[in-house]
Every structure is written in C-alpha cells, then in structure tokens.
Amino acid sequence: MKVLVINAGSSSLKYQLIDMDGEKVLAKGNCERIGIDGAISHTGPDGVKHTSEIAFPTHTEALRELVRHLIEGEGRALENIGEIGAIGQRVVHGGEYFTESVLITDDVLGKIESLCELAPLHNPAAVLSIEACRKVFGEHVPQVAVFDTAFHQTMPEKAYMFGIPYEYYEKYHVRRYGFHGTSHRYVSGRLFEISDISRTGSRVITCHLGNGGSLCAIKNGICIDTSMGFTPLDGFIMGTRSGSIDASIVTYLADKEGLSMKEMSDMLNKKSGLLGLSGISSDNRDVTRAADKGDPRAQLTVDMLSYQIKKFVGSYAAAMGGIDAVVFTGGIGENDHHVRKRVCAGMAFLGLNIDEVINRESQGREQNISAPHSRVETWVIPTNEELLIARDTKQIVEKV
C-alpha cells in the first residue's frame, strides 16, 4: 500500500508519499503560500529537489499540483493517482473525542471542525485539507486522522486538570491536552524496539525540542503527564513562546501597556521565548552562537532553556518514582549536543550520566549517549511523525 501523508497548515501543505512495503519514502514536498501566490518544492525518487511557483488560491489547487508532480515530470513517483491506497492526515487537536487515530467519516470531520476554536491555527487547515482530498482523490479513497493530542489522553485527572473553578472544564473543556503526541509516541516506541528496556514497568521521559518543544512522562508505555497544556504555549521557553508564567503577569502587563487580550496573546506566542529574551533570534543556533561570543542576554536565554527542561525532567522522575531512560528528539534535541549536556549535567543523583564524547559526536542519528556506569539510559532518537501516521493509516484502512 502507498500512503500519502499530509500535514496541512493555514497557508501550507507538507506531504510525503510512503510505500508501506519496506516503508520507503517515494516523494516528499511542500506547497507553500496557499491563498497568497504559491510555490511548490518537490523531491521525487531521484532525490532531486524540484521547485516552481504557481498560484494556489485554496488547498484544492495545491493538492492538484501535488498530484501532478507525483505522476508527471522528472520527480514522478507514480504511474497514476490510483496507486495511492490511503491518505493520512495530521490533525493537531482531537479534544476529548479521540484517544487514537480514526478513519475519517462525516461525523469525525464534524468533531474536528467543532474543535477549531481550541486550535484556530491548525484544525481549520486540517478540515480544508480533508475536504480538498475528497475533491481531488475522490471519496472512495480512505482518509485517516492522526491526532497530536491523542497520545496524551491517558493522563489521569490529577495531571490534566487546572486549579480553576471546575465549571469551566464542564462548560468549555479547559484542561491540559498536550501536543507533539505523535512524536512522543514514535520515539518512545522506537526506544522499546532498539533498547533492552521493556515497555512493562518502564519509566521514560521524552524531550521533543524544536522551535516548539514539550516533554512527556511515559509510564508502562503510556503518557501520564506532559508539559504543554490547554494550548502549546505552556511548558518551557520556546522559539517565540513564553512557556509557563504567572498568570497575573498577563493582567498586569495588559493594564500597564494598554494591551488587548489578543495583543497579549500575540506577545506571549510570537514575541517571547528565545526571541524575546535574547533580542537576537527565535533560532536556538543563532542564540547559542551569540552566547558563545559573550552576549549576556543570549547566555541567559541558553541557561534558562536548559534549566527549565531540567526541572521538568526532575519533576517527572518524581512523578514516576524514578526513570529508566531519557530520549532527546526534534531539531534541537537531535542536533544540539550543548543542550543535551546542560540538561543532563548534575543529574547523577537520579542515576543519569552521559558520555560527553559520544554526546558531542551524536548528530541527528539514533545513538545511546549514556556513560557506561549510568543506571539511566539517555538516547538521541530522530522523530518520524510521517512514518507513524502512515503506519496508523495502513493499519486502520486494512481493518475496514
């Protein structure tokens, strides 16, 4: 079976075509600037990247151009569109409706749409993508929704509830949902495959560190807590997000600066974190380079990032009664040995020690970076959310 995996944004549509016989990526690309002017970058089986500019008024036109690149030209990966057996759609928010991936029906689509106010930047795009795929591929081609929030639905109430009046949970479903669940599920599952750690009885902390980031406490293979909350703003500092702050700061600054709630939200989501603290960039690489040159705000930012992540590791170790493994993934987690070293420093009391030479040499590949005497295993495991989406899609479609 060949599965087309789609990750739709409000103005973009990333895709991978995966042949599940051998789990080989046949093609991948991105349709950008949908609704503005439009461009597509496409890499076919030859490994050559092809780019072109073309107007995409809607996601439907983007999908049609995607199909054209798959079946025509130098980047051709298929004889015809009929070779695509199923479509896997990444959906950010599944609310409390979905605890696992599901075949998309009209009822499922309606529920995804009803959750748009909880993920206004993501769920509307998923709805548009699903509807566009029905137009372009036909309703006979099955689609599966894979939710970022689903993996976290195993959290107990004590972990997902907030200390506000209970009526707001009942009326508006205000609670911790968590995100990056597809990544946390993939890397934790991969850990059980490549290490001697058994899922049963295990206590694992996965660290998805990128421009957005979150940690997840995984006990016996299931999530019991995660750092992101009602929205992806919660947790530790990120590229442009503040992470957890005293909620009274919001009302205090709004009053002092005369800011609306929308302006406050924009500040916390788009102007804070690494960017706001350093005044340099939202990219961790830029901030680290500036810190290495002696910039004091950049150094503060670097120190805060590692310190905050370290506190989550410690708190999750306490919640689970210890840890057996820590996994780093995501752009920063996979490639920045400095962050891994700072997070793990001083954790010997938990039995966590890394080999600094192996850690420094490990860049973007699966690697156990633990010191020989460490009781806790520390791993770098590159995430592969697209493959997990394709696997879920194949499994669900074959059951129908």
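Trainee: Why is Asn-7 called partly exposed?
Mentor: The relative accessible area of Asn-7 is 24%. Buried means under 20% relative accessible area, exposed over 50%, and partly exposed in between (1.4 Å probe, protein chains only). Asn-7 at 24% falls in between, so the term is partly exposed. This is a predicted model, in which local features need pLDDT of at least 70 and side-chain atom pairs count only at pLDDT 80 or more, while totals for chains, interfaces and linings use all residues. Residues are numbered from 1 along each chain as its sequence is written, and side-chain values use heavy atoms, with hydrogens and water left out.

Trainee: Which residues does the UniProt annotation "binding site" cover?
Mentor: According to the unreviewed UniProt entry, "binding site" covers Asn-7 and Glu-385. They span 379 residues in sequence, yet no two of their C-alpha atoms are more than 10.0 Å apart, so they gather at one spot. UniProt positions are in the numbering used here, feature names are shortened, and annotations may be inferred rather than shown by experiment.

Trainee: Where are Asn-7 and Glu-385 found, and what does each touch?
Mentor: Asn-7 is in strand 1 (residues 2-8), and Glu-385 is in helix 15 (residues 385-399). Such elements are DSSP runs numbered from the N terminus: helices are H or I with at least four residues, strands are E with at least two. Contact means heavy atoms within 4.5 Å. Leaving aside neighbours within four places in sequence, Asn-7 contacts Ser-12, Leu-13, Lys-14 and Arg-90. Under the same exclusion of residues up to four places away, Glu-385 touches Thr-182, Ser-183 and His-208.

Trainee: How do you know whether Asp-148 is buried or exposed?
Mentor: Asp-148 has a relative accessible area of 2%. That value is under the limit for buried, so Asp-148 is buried. The unreviewed UniProt entry annotates Asp-148 as "active site". Asp-148 sits in the loop between strand 8 (143-147) and helix 4 (157-160). Not counting residues up to four places away in sequence, the contacts of Asp-148 include Arg-90, Phe-179, His-180 and Thr-182.

Trainee: How many disulfides are there?
Mentor: A disulfide is a pair of cysteine sulfur atoms within 2.5 Å. By this rule the count is 0. Cys-216 is in no disulfide, the nearest cysteine sulfur being that of Cys-223 at 3.6 Å.

Trainee: What makes Arg-68 and Glu-65 a salt bridge?
Mentor: The term requires a side-chain nitrogen of Lys or Arg within 4 Å of a carboxyl oxygen of Asp or Glu. The closest N and O atoms of Arg-68 and Glu-65 are 2.7 Å apart, so this pair qualifies. Arg-68 and Glu-65 are 3 residues apart in helix 1 (residues 59-71), which means about one helical turn between them. Arg-68 is partly exposed at 37%, whereas Glu-65 is buried at 8%. Glu-65, Arg-68 and Glu-72 are linked in a network of salt bridges.

Trainee: How many salt bridges does the rule give?
Mentor: The count is 21. Among them is Lys-111 with Asp-107, whose closest N and O atoms are 2.8 Å apart. Lys-111 and Asp-107 are 4 residues apart in helix 2 (residues 106-114), about one helical turn. Lys-111 is partly exposed at 23%, and Asp-107 is partly exposed at 49%.

Trainee: Why is Glu-193 called exposed?
Mentor: Glu-193 has a relative accessible area of 52%, over the limit for that term, so Glu-193 is exposed. Glu-193 forms a salt bridge with Arg-190, with closest N and O atoms 2.8 Å apart. Arg-190 is partly exposed at 24%. Both residues lie in helix 6 (residues 181-194).

Trainee: How do you know that strand 4 and strand 5 pair?
Mentor: Two strands pair if DSSP finds at least two bridges between them. Strand 4 (residues 39-43) and strand 5 (residues 49-53) have 5 bridges, so they pair, in the antiparallel sense. His-42 has His-50 in strand 5 as its bridge partner. The two strands form a hairpin with 5 residues between them, and Gly-47 in the turn has a positive phi of about 80 degrees.
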